[in-house]
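Subject: Structure for your review

Dear colleague,

Please find below the structure I am handing over to you, together with its sequence. My findings follow directly after it.

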Amino acid sequence: SIWLCLGSAAAPSSALPGIYFRPKVIYNPRTHKYVLWVNRLAASYSNRTIPLFAYPKATYIVATADSPSGPFQLETLQVATRYTGGGDFALLVDGLGQAFLAYDAWGNDHRVSIERLDPTFTDSLGLS
């Protein structure tokens, strides 16, 4: 495979201050949108000299686009997960078109939790 830089996923002017990492994109067949999930440490928690202090307040943001290369528009500023301080995560869309978030979090001692996403795939329902 050859990777090509297609530009920024969102307009730089729309980016909120903070640290963004571990992006993932899934496709929603109902809305015909590409859904981008990203870990975010807000600027007020982004002490780069001691980053571990920021992680208990980490969250996920979600944006959507008509194309996998964007531009993405912010939909959810803070996903309503059951546990706070979201860390590593994975997304799955099953054969029935339901989507799930598997993640660990500071708020549950880093145990993996699985939650179902809403029909737009832009927020958690808090249900397994």
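Strand S5 (residues 86-93) and strand S6 run antiparallel and are joined by six bridges. Please bear in mind that this is a predicted model. S5 and S6 form a hairpin, with five residues between the two strands. In the turn, Gly97 has a positive phi of about 85°.

On to the next pairing. S6 is also joined to strand S7 (residues 113-116), through four bridges, and these two strands again run antiparallel. Leu101 stands opposite Leu91 of S5 and opposite Glu115 in S7. Ala102 has Ile114 as its bridge partner in S7.

Taken together, the strands make an open sheet of three, in the order S5-S6-S7, with antiparallel pairing. S5 and S7 are the edge strands, each of them pairing on one side only. From one strand to the next, the twist averages 25°.

Is S6 enclosed or open to the outside? Six of the seven residues of this strand (residues 99-105) are buried, so S6 is largely enclosed by the rest of the structure.

I then turned to the nonpolar cores. In soluble globular proteins, nonpolar side chains tend to be buried together. The largest nonpolar core in this model has 14 residues. Those with the most contacts inside this core are Ile26, Trp37, Tyr60, Phe89, Leu91, Leu101 and Leu117. At least two residues of the core come from each of strand S2 (33-42), strand S3 (59-65), S5 and S6. S6 gives the most, with four residues.

With kind regards

Conventions:
Residues numbered from 1 in each chain as written. Predicted model: local features only at pLDDT ≥ 70, side-chain atom pairs only at ≥ 80, totals over all residues. Heavy atoms only, no water. Buried < 20%, exposed > 50% of the residue type's maximum accessible area, 1.4 Å probe, protein only. Pairing = 2+ DSSP bridges. Axes fitted to C-alpha atoms, helices over the stretch in contact; angles between N-to-C directions. Core = buried A, V, L, I, M, F, W, Y, C linked by side-chain atoms within 4.5 Å.
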